[in-house]
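Hi,

Here is the structure I promised you. Have a look at it first, and then read on for what I found.

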Amino acid sequence: MNTPLTIKETQDGLKQKKFSAVELVDAYLAQIKKYNKEYNIFLTVTEDLAYAKAKELDKIGKFDEPLSGVTIAYKDIFLTKDIRTTAGSKILESYVPVYSATSVKKIENAGAIPIGKLNCDAFAHGSSGENSDFGATLNPWDKDYIPGGSSSGSGAVLSANMSLISTGTDTCGSIRLPANYNYLVSLKPTYGAVSRYGVIAMASSLDTVGPLARTIEDVETIFNVIKGEDGFDGTVVNKKGDESKKSKFKIGIPREFFIEGLDSEIEKNIQEVINVYKKENVEFVDVSLPSTKYGISVYYIIQPAEVSSNLGRFDGIRYGNDRDFLGEEAKRRIMLGSYVLSAGFYDSYYDKAMRVRSKIISEVDQVFMKDEVDALIAPVAPTPPFKLGEKINDPLSMYLTDVYAATANLCGIPSLALPSGFTKNNLPLGFQLMGPRFSEHQLFELGKLYHKEIDYKPKTAF
Amino acid sequence: MTKLTKKEVLHVAKLSNLTLTDAEIKKFTPQLSKIVGFVGQLSEVDTNSVEPTNQTTGLTNVFREDKVISENILTQGQALSGTDNTYNGLFKVPAVLENRT
């Protein structure tokens, strides 16, 4: 069967008995069997669990929960009770959690069918997926290319049509990059909108949990399921942003984001996006965020510092293997973190980075307040997907892939990444819209406006 | 350009509870130097009048009631299930004290 590409099509089909939930699982598993070995997308396939849930749903036959009958695959950094969770690292190769993440529980309580756990850069350290201790994931659009990381499997699983939706984590682009490189929609929510309880921590002042899917409507549905306080992540607040219907939107174009180093096809594509919006009466203003050029340096101090602390728990005593099983990138980041926090360097690196972070935040907040823009438009990455192996021996060049992602994480603001076309080599293109904290609703509205105007249709690679 | 010495790399590895092979020391030393050198560009930014940020949504001191949530309690068996290295229902840990001679 041709599996439906959206939640609505899936649920309509189930309700009208065009297909059963079991038949959907059959189709996804057939696709997994056909392509997974080559593309290395799943680390664990939960076939029995998927069939059990599908049979239960078919028996009840109602499909009236928000995610009823929706097949979900999780980045393997989300704890799943009784199902192996590796974080893409050999140190956790045989770790089986005794509880599930809040987001996993919420998704399954909303009727979803869990089909498996997805490959990722080990401990979410990477922009390409190549830092997984279980081998790189290939991009289904072209297998010579990386699918983006660190949620590499979360992007590839949807463009390979092996699941309907997926989850990821975004500390500096790890949801948005794979979405962008696989022709998908994704949301990096406001910091503190979604609980991270049960998600293996990377950098706690930056980590966010969010959805990947093929339409803005689907991403919105999943976000509404997973958001909100659970009492187990003290940073989460039930805050409602502005949900008023706006008659006119205003978008800022940060001039520092459209400079040398940005791929010309991406620049041209975003200009076309702007033209589409202008036809829809959206106003554009040039804005300046001079300190964002330091974003990547701030990020590569704060993040390793927090990594060195969070990964201290992996000592092989209570769970997992000993520290010799940590991969190269994890070791590099832990050492970098220990260095910037160590006596004599704390003030000039860590404290300095936290102060420059304040400068970036204040500039971004000013633009939302003073210039009254609803969103900022930006590229997701400086280039389209790059080739496997191209940056793996030069960690600094890999880090610079995150240059456009950093602002949203450092400021704790939401960012919606959405597809906007293909390169001449048929590789996906996209852009991101960042808004003030808790402005997800307006970002969804703005995204829908664009997709409606271009008559966007979801696409998979095969 | 910042240059980390082998001694510094070994010191940082010790702080990080990591044991490095010679090949790793050789590989990491120039890589870490390059990254530290790059992020060192922050020294050019004037930050005298700004406070450091470590929380972006303005929360301070979040509390909850200290009560038992039964569904979140692990049994002893569950708590120990991540390792084979147990003794009498307890985790076995490396010795921190040495025998007196």
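Predicted model: local features only at pLDDT ≥ 70, side-chain atom pairs only at ≥ 80, totals over all residues.

A:Ser174 sits in the loop of chain A that runs between strand 4 (165-170) and helix 6 (176-180). Leaving aside residues up to four places away in sequence, A:Ser174 touches A:Ala124, A:Gly149, A:Ser150, A:Ser151, A:Gly168 and A:Thr169.

Why start there? According to UniProt, in an unreviewed entry, the annotation "active site" covers A:Ser174 together with A:Lys75 and A:Ser150. These residues are spread over 100 residues of sequence, yet they cluster in space, with a largest C-alpha distance of 10.8 Å. One of the annotated partners, A:Ser150, is also among the residues that A:Ser174 touches.

Now to A:Lys75, which belongs to strand 2 (residues 71-75) of chain A. Is A:Lys75 buried or exposed? With 32 other C-beta atoms within 10 Å, A:Lys75 is buried. Again leaving out residues up to four places away in sequence, the contacts of A:Lys75 are A:Leu118, A:Cys120, A:Ser151, A:Gly153, A:Ser154, A:Thr167, A:Gly168 and A:Thr169.

Elsewhere in chain A, helix 1 (residues 7-15) is worth a look. Its buried residues are A:Ile7, A:Thr10, A:Gln11 and A:Leu14. Viewed down the axis of helix 1 of chain A, they fall within an arc of 90 degrees, so they line one face of the helix. Helix 2 (21-39) and helix 7 (216-226) of chain A are among the elements that cover these buried residues. Just after helix 1 of chain A, A:Lys17 has a positive phi of about 55 degrees.

Then there is chain B. Chain B has 3 helices and 2 strands, in the order α-α-α-β-β along the sequence. The radius of gyration of chain B is 23 Å, whereas a compact globule of 101 residues would have one near 13 Å. The C-alpha atoms of chain B fill a box of roughly 55 × 50 × 30 Å along the principal axes, and 13% of the 101 residues of chain B count as buried.

Finally, a word on confidence. Chain B has an average pLDDT of 92, and 98% of the residues score at least 70. For the complex, the predictor gives an ipTM of 0.94 and a pTM of 0.97.

Best wishes

Technical notes:
Residues numbered from 1 in each chain as written. Chains lettered and ligands numbered in written order. UniProt positions renumbered as here; feature names shortened; annotations may be inferred. Helix = DSSP H or I, 4+ residues; strand = E, 2+ residues; numbered from the N terminus. Buried ≥ 20, exposed ≤ 12 C-beta atoms within 10 Å, placed from the backbone. Contact = placed C-beta atoms within 7 Å. pLDDT = per-residue confidence, 0-100. Rg over C-alpha atoms; globule rule 2.2 N^0.38 Å. Arc of directions from axis to C-beta.
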